[in-house]
Amino acid sequence: MTQPVSSAQQSGPDKGAAPVSVPASPKKDRSPRALGLRVDLRSLSLLGVLAALIVVGGITEPDAFLDSGNLQLILTQASVIGVVTVGVTFVITSGGIDLSVGAMVALASVWATTLATQEYGFAGILFTAMLVGLGAGLVNGVLIAYGRMVPFIATLAMLASARGMALLITDGKTQIVTVKSVLDLGLPGSYVLGIPPLVMMFAVVTVVGWLVLNRTTFGRRTVAVGGNAEAARLAGIDVRRQRLYLYLLSGLCCGIAAFMLIILSGSGQNTNGNLYELDAIAAAIIGGTLLTGGRGTIVGSVLGVLVFTTITNIFALNNLQSDVQQIAKGAIIVAAVLVQGRTSAHRET
């Protein structure tokens with residue numbers, strides 16, 4: 001494509017000469033198709049990593065790792081942290097952070113398993129877990145959106161407060177669930193075609209999260225706020241209200257995860273959700289969600305959760321210590337952030 005020289009450049013002694021044409025400067029391809037291709041490549045690379053881990057697990061412990069019960073265990077464990085990660089992905093996409101997700105899961109799980117709550121049965125436990133998660137998310141959202149607190153500080157304060165409240169409620173004791181309809185969901189008899197109910201719940205949350213982020217105005221506003229909050233405000237987006245909604249969403253996901261954890265463990269403990277914030281943020285980052293905001297992918301986050309859960313399972317089967325697992329996770333996080341930094345720098349040049 002060419003651009004004609006302006007009339008000022010054409011004026012001179014040779015006015016009858018044909019206009020001179022210069023080549024237009026090349027433009028970077030920022031079309032949705034090109035962006036989608038990068039996301040697909042990222043997801044494919046994570047699928048490759050997951051496939052490699054499955055091969056490693058099959059070689060090191062073929063009988064134990066490839067057993068159907070172990071594969072169901074991997075998916076079940078990934079489901080709980082996976083639901084939390086969906087909420088965290090939205091928050092990070094908006095340019096925020098939530099360090100309190102693990103503590104919110106603990107608080108919701110112990111509040112939902114008190115004797116008073118269990119008297120209301122299945123519905124009482126589920127409703128309480130979700131309500132407590134929403135309440136904690138509301139506090140985070142108000143402090144950040146309207147109190148103008150830095151997300152790191154606000155959610156760090158919630159982490160400490162929620163853990164303290166969970167310890168206060170339980171007095172350091174484990175609260176055993178006695179509601180049979182809740183406990184039955186964790187038994188093999190409740191599996192549908194060999195799929196545990198927790199995995200199906202995770203699948204529903206994942207699909208809804210993907211649709212909201214990629215196919216709704218709410219998702220577009222989330223990306224816009226993360227990309228440039230001031231530009232989003234000038235475009236008519238209520239940035240403060242959007243951030244409030246996002247932390248409410250994160251809290252709701254924590255409440256759902258707490259209910260799933262109650263089903264899985266049959267109890268409520270103040271230690272539930274320990275280090276969930278690390279796992280959720282790490283899974284979102286290696287999945288391709290930009291830590292500085294403006295880009296998020298639910299599919300990538302889910303694959304990141306599966307990668308971490310599979311690594312943990314392989315290490316456990318091979319009797320490797322937990323400190324080695326944490327070192328491996330830390331190395332993966334550093335590598336993912338470095339790759340994101342190089343990718344962002346390459347796009348800007």
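Hi everyone, let me start with a term: a residue is buried when its relative accessible area is under 20%, exposed when it is over 50%, and partly exposed in between, using a 1.4 Å probe and protein chains only. The model you see is predicted, so local features need pLDDT of at least 70 and side-chain atom pairs count only at pLDDT 80 or more, while totals for chains, interfaces and linings use all residues. Residues are numbered from 1 along each chain as its sequence is written, and side-chain values use heavy atoms, leaving out hydrogens and water.

Now the overall picture. The protein has 16 helices and four strands; these are DSSP runs, H or I of at least four residues for helices and E of at least two for strands, numbered from the N terminus. Of its 349 residues, 44% are buried.

Next, the cysteines. How many disulfides are there? The count is zero, where a disulfide means two cysteine sulfur atoms within 2.5 Å. Take Cys253: its closest cysteine sulfur, in Cys254, is 7.1 Å away, so that is too far for a bond. Cys253 is buried at 5% relative accessible area, and Cys254 is buried too, at 0%.

Is Thr117 buried or exposed? Its relative accessibility is 9%, so Thr117 counts as buried. Leaving aside residues up to four places away in sequence, Thr117 touches Trp111, Ala112, Gly124, Ile125 and Thr128, a contact being heavy atoms within 4.5 Å. With Trp111, a polar atom of the Thr117 side chain lies 3.0 Å from the backbone oxygen.

How values were computed. A polar contact is a pair of N or O atoms within 3.5 Å; within protein, one must be able to donate a hydrogen and the other to accept it, and residues adjacent in sequence count only if both atoms are side-chain atoms.
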